[in-house]
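Let us walk through this model residue by residue. Keep the sequence and the coordinates side by side.

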Amino acid sequence: MTDQKIALVTGASRGLGAAFAQALAADHHVIAVARTTGGLEELDDRIKAGGGQATLAPMDITQTDAMAHLCRSIFDRWGHLDIWVHAAIHAAPLAPAAHLDAKDWEKSAAINMTATAQLIPMVEPLLQQASQPQAVFFDDPQAGRKFFAAYGASKAAQIAIAKSWQAETQKTGPNVHILSPAPMATALRARFYPGEDRAPLASPGDEADRLLASIRQDTQGAN
């Protein structure tokens, strides 16, 4: 097993996922997963410009066999993961519950709920090989708000899964963090709040730095 720190970021091509990948690249080799190849290549350029290194994995996290192969490849090459940041999300268009589109619901469930439940068993063995393993999820409590049925319900289910994992691993690790980002100027938020004044919103880069600092402080406090 290599001593190099390894980070896996799912949903790394844009927004907070990309910002976390770039921030982690300062002292980790980053494995960046996303469907958008162009976004991954732009991330890779920024990481290289900062002196870091990344492995790009353009794939769909709902493809179980592909993700299992990736995790096996991580084990074969590095033997462990130090941190997993799960930022992949599907933001279905806002719609009344009585008019939910079946395909939007299925995609929300597949990406936000099912993929999370399938990835945790794949990633946990890799994290358990590290000395201070971390897993990171991002809460966004929209459940029950009007027009947010698909996103709100599927995101709440994702966080419920993460909370169960968090409770189960308090003594054994990994340390599972469920973080609450400040409102950010992201494409996802623009879809939910078109026309919003974006000037007061946080930048994903600043928010990634703040949240990563809180993770590191929490880790040091636990030692």
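Start at R210. At 43% relative accessibility, R210 counts as partly exposed. The scale is simple: buried means under 20% relative accessible area, exposed means over 50%, and partly exposed lies in between (1.4 Å probe, protein chains only). Accessible areas come from the Shrake-Rupley method with a 1.4 Å probe, and for residues only the protein chains shown count as cover.

A word on the source: this is a predicted model, where local features need pLDDT of at least 70, side-chain atom pairs count only at pLDDT 80 or more, and totals for chains, interfaces and linings use all residues. Residues are numbered from 1 along each chain as its sequence is written, and side-chain values use heavy atoms, with hydrogens and water left out.

What does R210 pair with? R210 forms a salt bridge with E207. Their closest N and O atoms are 2.5 Å apart. A salt bridge here is a side-chain nitrogen of Lys or Arg within 4 Å of a carboxyl oxygen of Asp or Glu. Side chains of opposite charge can pair when their charged atoms come close. R210 and E207 are separated by about one helical turn, because they sit 3 residues apart in helix α7. Helices (H or I, at least four residues) and strands (E, at least two) are DSSP runs, numbered from the N terminus. E207 is buried, at 5% relative accessibility.

How many salt bridges does the structure hold? It holds 5. One of them joins D27 to R216, with the closest N and O atoms 3.1 Å apart. This pair links distant parts of the chain. D27 lies in the loop between α1 and β2, while R216 is in helix α7 (residues 204-222). The two are 189 residues apart. D27 is partly exposed, with a relative accessible area of 36%. R216 is partly exposed too, at 35%.

Another salt bridge brings together the side chains of E196 and R189, at 2.8 Å from N to O. R189 is buried, with a relative accessible area of 18%.

R14, R35, K107 and R191 form a positive surface patch. Patches are made of residues with over 30% relative accessible area and no salt bridge; like charges are joined within 9 Å, and nonpolar side chains (Val, Leu, Ile, Met, Phe, Trp, Tyr) within 5 Å. Lys and Arg count as positive and Asp and Glu as negative, while His and the chain ends are not counted. The place of a charge is taken as NZ of Lys, CZ of Arg, CG of Asp or CD of Glu. Take R35 from this patch. R35 is in the loop between β2 (29-34) and α2 (37-49). Its relative accessible area is 48%, so R35 is partly exposed.

Now move to S13. S13 sits in the loop between β1 (6-10) and α1 (15-24). S13 is buried, with a relative accessible area of 13%. Which residues touch S13, leaving aside its neighbours within four places in sequence? They are A18, A34, T36, G39 and L40. Contact means heavy atoms within 4.5 Å.

Next, the backbone. Most residues other than glycine have a negative phi, and most peptide bonds are trans. F147 is not a glycine, yet has a positive phi of about 75 degrees. F147 is found in the loop between β5 (134-138) and α5. F147 is partly exposed, at 40% relative accessibility. A cis peptide bond joins G173 and P174, with omega about 5 degrees. P174 lies in the loop between α5 (149-168) and β6 (175-179).

Finish with some distances. G144 lies in the loop between β5 and α5. G144 is exposed, with a relative accessible area of 81%. The C-alpha atoms of G144 and R46 are separated by 38 Å, and the two residues are 98 apart along the chain. A68 is found in helix α3 (residues 64-77). A68 is partly exposed, at 36%. A68 and V123 are 55 residues apart in sequence and 9.0 Å apart in space, C-alpha to C-alpha. A190 belongs to helix α6 (residues 187-192). A190 is partly exposed, at 31% relative accessibility. From A190 to I215 the separation is 25 residues in sequence and 27 Å in space, C-alpha to C-alpha.
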